[in-house]
Amino acid sequence: GGEWMALGLVRNGKKVDEAYYDSVVKFVQENANDNQQLHRAKSSENSRVILALTAMGKDVTNVAGHNLLTGLTDMDYLHKQGINGPIWALIAFDSGNYPIPDGNVSREALVDTILDAQLADGGWALAGEISDPDMTGMALTALAPYVKGNKEVKKAVDEAVKALSMMQSADGGFSSVDGSNSESCAQVIVALSALGIDADTDQRFVKNGVS
């Protein structure tokens, strides 16, 4: 799970020790199967490592001879993790504007998959019919680059932003399965930022004068 720390450090202008990359190489060597997948069911393992290495300027197509992008080219595999898999695969591919290797996965297919998973209340959830701010934030982050020029994406995003505003607590925070927490707030802030919405000043996300 250290990839999130590495990503956060790099995005904050800090240097990540090269020993971290060495540990990633070891992890990939020990876990990548013949299809370049790092976990039998969680495609987000590949996506997470791709995000961290991309932020560090490392080559994700050759990690000790393994192409981590190839591990995300089977749609059935991505779906094993629920909607989480396609969402993070799309974010990973777009993090470096990577061409998608041969397989049955395309950006269009990933976008359509995410749109198809939108719930009646406007957001997304890993399970059930009630939207969760974390999953809704993740889905919006993935869809953000496709809003312009795609009416279906624009409509879905507009509905989801309204849903997120409705989910916001009276104190400006957000709650998920474990109650009010900073991670849910962070996911929403990332999503709104990706959409060009200021989470601190946009009145849809200010409750009782608090963002």
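**Ser165**
I started at Ser165, which sits in helix α8, residues 151-167. The model I am reading is a predicted one. Is Ser165 buried or exposed? Ser165 has a relative accessible area of 15%, and under 20% counts as buried, so I put it down as buried. I then looked up what Ser165 touches, skipping residues up to four places away in sequence, and found Arg204, Phe205 and Lys207.

**Gln168**
Next I went to Gln168, in the loop between α8 and β1. Its relative accessible area is 8%, so I noted Gln168 as buried. The side chain of Gln168 reaches the backbone oxygen of Gly172 at 3.0 Å. Beyond four places in sequence, I listed the contacts of Gln168 as Gly173, Phe174, Arg204, Phe205, Val206, Lys207, Val210 and Ser211. Arg204, Phe205 and Lys207 are on the list for Ser165 and on the list for Gln168.

**The whole chain**
I stepped back to the whole protein and counted nine helices and two strands. Read from the N terminus, the elements go α-α-α-α-α-α-α-α-β-β-α. The radius of gyration is 17 Å, close to the 17 Å that the globule rule gives for 211 residues, so the protein is as compact as a globular protein of that length. Along the principal axes, the C-alpha atoms fill a box of roughly 55 × 35 × 35 Å. Of the 211 residues, 48% count as buried. I also looked at contacts between residues at least 6 apart in sequence, and 63% of these join residues at least 24 apart.

**Helix α7**
How many residues of α7 are buried? Eleven of its eleven residues are, so I wrote the helix down as mostly covered. The buried residues in α7 include Pro133, Met135, Gly137, Leu140 and Leu143. Asp134, Thr136 and Thr141 are also among them. The buried residues of α7 pack against α5, α6, α8, β1 and α9. At the start of α7, a side-chain oxygen of Asp132 comes to within 2.9 Å of the backbone nitrogen of Asp134.

**Helix α6**
An α-helix has 3.6 residues a turn, so residues three or four places apart point the same way.

**Ser95**
Ser95 is in helix α5, residues 84-95. Is Ser95 buried, partly exposed or exposed? At 32% relative accessibility, between the cut-offs of 20% and 50%, Ser95 counts as partly exposed. A polar atom of the Ser95 side chain lies 2.7 Å from the backbone oxygen of Ala92. Leaving out neighbours within four places in sequence, I found Ser95 in contact with Ile50, Leu51 and Thr54. I looked up the spacing for one of these: Thr54 is 41 residues from Ser95 in sequence, while their C-alpha atoms are 7.0 Å apart in space.

**The largest pocket**
Rolling a probe the size of a water molecule over the atoms shows where empty space is left. I looked up the largest pocket, which holds about 1200 Å³ of space. Its lining has 37 residues, and those nearest the centre are Trp4, Leu7, Trp88, Gln187 and Val190. Which helices supply at least two residues each to the lining? I found α1, α3, α5, α7 and α9. The largest share, seven residues, comes from α9. By type, the lining divides into 16 nonpolar, twelve polar and nine charged residues.

Most residues other than glycine have a negative phi, and most peptide bonds are trans. Gln36 lies in the loop between α2 and α3, and at 15% relative accessibility it counts as buried. Asn208 is in the segment after α9. At 65% relative accessibility, over the cut-off of 50%, Asn208 counts as exposed.

Methods. Residues numbered from 1 in each chain as written. Predicted model: local features only at pLDDT ≥ 70, side-chain atom pairs only at ≥ 80, totals over all residues. Heavy atoms only, no water. Helix = DSSP H or I, 4+ residues; strand = E, 2+ residues; numbered from the N terminus. Buried < 20%, exposed > 50% of the residue type's maximum accessible area, 1.4 Å probe, protein only. Contact = heavy atoms within 4.5 Å. Polar contact = N/O pair within 3.5 Å; in protein donor to acceptor, adjacent residues only side chain to side chain. 1 Å grid on protein atoms, 1.4 Å probe; cavity = no way out; pocket = protein on both sides within 12 Å on 5 of 7 lines; lining within 4 Å. Points joined across faces, edges and corners; volume = space filled by probe spheres on them. Nonpolar A, V, L, I, M, F, W, Y, C, P; charged D, E, K, R; others polar. Rg over C-alpha atoms; globule rule 2.2 N^0.38 Å.
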